[in-house]
Amino acid sequence: RIYDPSDGTIVRTLQGHTGRVRRVAWSPDGRQLASCGWDSELRFWTLSTGGERQSCGLGTTATRAPSGA
């Protein structure tokens, strides 16, 4: 869910992740959002429509540091 910070109302609900969302990152212009969930999916959103632009599976090793790092 995306909330209005001035009054706490829900502005938009984004549908896609099958588990909890771990992290989000806003684009500098505030029009797009990237989210990563416990479902190991990275999703990119257009906030004006609430539509998912793209998604990709991260797999189980994408978030781990390389051996010896």
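Two strands count as paired if DSSP finds at least two bridges between them, strands being DSSP runs of E with at least two residues and helices runs of H or I with at least four, numbered from the N terminus. In this predicted model, T46 stands opposite G51 in β6. Local features need pLDDT of at least 70 and side-chain atom pairs count only at pLDDT 80 or more, whereas totals for chains, interfaces and linings use all residues. Residues are numbered from 1 along each chain as its sequence is written, and side-chain values use heavy atoms, with hydrogens and water left out.

**Overall make-up**
- The protein chain has zero helices and six strands, in the order β-β-β-β-β-β from the N terminus.
- Of its 69 residues, 19% are buried (buried: under 20% relative accessible area; exposed: over 50%; partly exposed: in between; 1.4 Å probe, protein chains only).
- The accessible surface of the protein chain is about 5,200 Å², and carbon and sulfur atoms hold 49% of that surface (Shrake-Rupley method, 1.4 Å probe; for residues, only the protein chains shown count as cover).
- Among contacts in the protein chain with a separation of 6 or more, 18% link residues 24 or more positions apart (contact: heavy atoms within 4.5 Å).

**Sheet**
- An open sheet is formed by four strands in the order β3-β4-β5-β6, with antiparallel pairing.
- β3 (21–26) and β6 (51–57) are the edge strands; each has a single partner strand, so one side of each lacks a neighbour in the sheet.
- From one strand to the next, the twist averages 20° (axes are lines fitted to C-alpha atoms, and angles run from 0 to 180 degrees between N-to-C directions).
- β5 (residues 41–46) pairs with β6 in the antiparallel sense over six bridges.

**H17 and its surroundings**
- H17 sits in the loop between β2 (10–12) and β3 and is buried, at 18% relative accessible area.
- The side chain of H17 makes polar contacts with those of S35, at 2.8 Å, and D39, at 3.1 Å (polar contact: a pair of N or O atoms within 3.5 Å; within protein, one must be able to donate a hydrogen and the other to accept it, and residues adjacent in sequence count only if both atoms are side-chain atoms).
- Beyond its neighbours within four places in sequence, H17 contacts S35, C36, G37, D39, E41, R43 and W45.

**Cysteines**
- The structure has zero disulfides (disulfide: a pair of cysteine sulfur atoms within 2.5 Å).
- C36 is in no disulfide, and its nearest cysteine sulfur, that of C56, lies 8.9 Å away.
- C36 is buried at 14% relative accessible area, while C56 is partly exposed at 32%.
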